[in-house]
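Hi there,

Here is the structure I promised to pass on to you. Have a look at it first, and then read my notes below.

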Amino acid sequence: MVIKVYIATSSGSTSIKKQQQDVMGFLAANKIEYEECDIAANEANRKWMRENVPEESRPATGNPLPPQIFNEEKYCGNYEAFFDAREDNAVYAFLGLTAPPGSKVSS
């Protein structure tokens, strides 16, 4: 199972860049394998992300913005959902992963 983080490497938004760095930094620090899927440089990634964010998780207008997080094909959530899960020490459950033994971030 691979966690996929859909990002935009050429985003002009400082807040989006910070959110992307926050998600990937957390995953790296906790040794959670992930794959970056750039929607700015790869049209297929952009199309796939937009088509696979569930209707109820889409903004009222426009397209879903990165970062969007998936476990393989299963949608986990956006940055706000990730942040809430992290605050609740429920990141592994949010990602659909089993927490490693002795992990401080339990599911």
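Two rings of Phe, Tyr or Trp (for Trp, the six-membered ring) count as a pair if their centres lie within 6.5 Å. With that rule, Phe26, Tyr79, Phe82, Phe83 and Phe94 form one aromatic cluster. Please keep in mind that this is a predicted model.

Let me start with the overall picture. The chain has four helices and four strands, arranged along the sequence as β-α-β-α-β-β-α-α. Its radius of gyration is 13 Å, close to the 13 Å that the globule rule gives for 107 residues, so the chain is as compact as a globular protein of that length. Of those 107 residues, 38% count as buried. Among contacts with a separation of 6 or more, 55% are between residues 24 or more positions apart.

Now back to the rings. The count comes to eight aromatic pairs. One of them joins Tyr6 and Trp48, which are stacked, with 5.5 Å centre to centre and 15 degrees between the planes. This pair links distant parts of the chain: Tyr6 is in strand S1 and Trp48 in helix H2, 42 residues apart. Tyr6 has 4% relative accessibility, so it counts as buried.

Tyr79 and Phe82, from the cluster, sit together in helix H3, three residues apart, or about one turn of the helix. Their ring centres are 6.4 Å apart and their planes are at 40 degrees, so this pair is tilted.

Enjoy exploring!

Note on methods. Residues numbered from 1 in each chain as written. Predicted model: local features only at pLDDT ≥ 70, side-chain atom pairs only at ≥ 80, totals over all residues. Heavy atoms only, no water. Helix = DSSP H or I, 4+ residues; strand = E, 2+ residues; numbered from the N terminus. Rg over C-alpha atoms; globule rule 2.2 N^0.38 Å. Buried < 20%, exposed > 50% of the residue type's maximum accessible area, 1.4 Å probe, protein only. Contact = heavy atoms within 4.5 Å. Phe/Tyr/Trp six-rings, centres within 6.5 Å; stacked < 30°, edge-to-face > 60°.
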